[in-house]
Amino acid sequence: MHRDSGQYQVNNFPWFAPPPYAYADPATYPASVYGYDPGYAGDIDGNFSRIAGTSWMGGLSFEVKKNVNVYASISKIYNRNGATNAGGFSALELPYWYAGAKSFLGNAPFVYRGTTINSVADLTAKLHEIGADVLIKPETGQNVEVGVKTSLWDNKVVGTVSLFHMYRVNRRVDDGTAQANEPLNGVNNYVYFGAPPATNVGGGPIGNLVGRRLLRWRTVGQKDVIEGLDSDITWTPRRNFQMVINGAWMWTAKTDNAPTVNKPGSVAYNAASAISKVASDIYYGARLENVPEFRLNTFSRYEFTDGIARGLAVKFGTRYSSKMVLSRTVDWNPLTNGFQSGNYLIFDGALTYPWEVGGYKIVTSLNAQNLADKTYFEGGTAASPGRQFFLHNTLKF
């Protein structure tokens, strides 16, 4: 359950400092004077509403032989999808929408989706009728995993190898079609608030209503599935050397169902335009965004135990990722070699040396990231940092 007491922004303190519940009494605390935005204050989209859910997990482990265990686990997840209603609006803005429409329309009726709106209460009732004020359902899902845990050769090799299947349902997504068709959004609302270069401030502090997206329609129901193999192995052949290797092969990362995208082979898909079919093929045919098929990381540490270099630790690591889809859209079409991130092998290193001066113990570390100064994209369209060095000194006393 989540509760929120409102917006605490104070942009003209100390002359006017609105209390947390100023939005509830706009006559005493006018938003234009006290500097709070009704669209971001108070009970935004149901912050005071209880959205309950459950999560649980369980597992079994069996020792096949000494230090070799097989296990299975299952868990149910619950993730609250924010405090967003389906229309993505705040009820505190409705008086300004109504005032803005009446200011432009004058004596002409305010007709919204076939209903004449004569008051803020009428607008509230209409939004309720079309389901705009319904709170978005929480995201749920399930994780199933089976694997082997080992500790071999006097703990020289410790590791886990597992197979997993996970899915998520009700991930909140934007409903682009509903937003494009919404009478109060974009160019559609010119009939209510006027067209550019005209402006319409709605009689309040929320700004110009002309051409704004007043309703941000969202929906749930999408099911995403990821399956793969994951491993994590620690190798310690001798006391002063250790290597950690972890990696994953995720052969499945897909959307099984998306309420806003026609599924190939469905009646809606067959009746859709050629362009729409291409968009559907991409959405269902490409991998989920930011989920590479392969990941492999290693980290090694060697410490000198004798001679002049005693105490010096040398560290070396690698990071590998296969390609990652950025967007399953026509503009970024991953099925026709559209731009993707990932597909990199990066080398990192570090030196650590302890020393002492005047009775004070100091540890100096020189860390280097991206030693080869490779241009790569870890996620998104912005390149990740090039070669970087960091020098740290830790003093103990």
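Which residue stands opposite V314 in β11? In this predicted model, where residues are numbered from 1 along each chain as its sequence is written, local features need pLDDT of at least 70, side-chain atom pairs count only at pLDDT 80 or more, and totals for chains, interfaces and linings use all residues. Side-chain values use heavy atoms, with hydrogens and water left out. The residue that stands opposite V314 is L351 of β11, and the strand names used here come from DSSP runs numbered from the N terminus, with helices being H or I runs of at least four residues and strands being E runs of at least two.

The pair V314 and L351 belongs to a sheet that can be followed strand by strand. The sheet is open and has 11 strands, in the order β1-β2-β5-β6-β7-β8-β9-β10-β11-β12-β13, with antiparallel pairing; two strands are taken to pair if DSSP finds at least two bridges between them. Because β1 (56-65) and β13 (388-396) stand at the edges with a single partner strand each, one side of each is left without a neighbour in the sheet. From one strand to the next, the twist averages 15 degrees, where axes are lines fitted to C-alpha atoms, for helices over the stretch in contact, and angles run from 0 to 180 degrees between N-to-C directions. As a general point, strands of a sheet pair through backbone hydrogen bonds, either parallel or antiparallel.

Moving along this order, strand β2 (residues 68-79) runs antiparallel to strand β5 (residues 139-152) and is joined to it by 12 bridges, with V70 having V148 of β5 as its bridge partner. On to strand β6 (residues 157-174), which pairs with β5 in the antiparallel sense over 13 bridges: here T140 stands opposite V169 of β6, and the bridge partner of T150 is G159. β5 and β6 form a hairpin with four residues between them, and W153 in the turn has a positive phi of about 50 degrees. G159 also stands opposite I233 in β7, and β6 and β7 pair in the antiparallel sense over 16 bridges.

Further along the sheet, nine bridges join β9 to β10, and these strands run antiparallel; the bridge partner of E303 in β10 is A313. Strand β10 (residues 313-324) is in turn joined by 11 bridges to strand β11 (residues 341-357), again in the antiparallel sense, and R319 stands opposite I346 of β11. Helix α7 packs on the sheet, touching β6, β7 (218-238) and β8 (241-257), and the direction of α7 makes about 145 degrees with that of β8; contact here means heavy atoms within 4.5 Å.

Leaving aside residues up to four places away in sequence, R287 touches M250, W251, T252, A253, P292, E293, V325 and R328. R287 and K254 are 33 residues apart in sequence, yet 5.3 Å apart in space, C-alpha to C-alpha. A polar atom of the R287 side chain lies 2.9 Å from the backbone oxygen of M250, and a polar atom of that side chain lies 3.1 Å from the backbone oxygen of V291. The loop between α7 and β9 also holds N290, a residue other than glycine whose phi is positive, near 60 degrees.

Another backbone feature is found at P196 and P197, which are joined by a cis peptide bond with omega of about 10 degrees. P197 lies in the loop between α5 (190-193) and β7. In general, most residues other than glycine have a negative phi, and most peptide bonds are trans.

The contact is made by L94, P95, W97 and Y98 of α2 together with V120, L123, T124 and L127 of α3. By class, it has seven nonpolar, one polar and no charged residues, where Ala, Val, Leu, Ile, Met, Phe, Trp, Tyr, Cys and Pro count as nonpolar, Asp, Glu, Lys and Arg as charged, and the others, Gly among them, as polar.

Key:
Polar contact = N/O pair within 3.5 Å; in protein donor to acceptor, adjacent residues only side chain to side chain.
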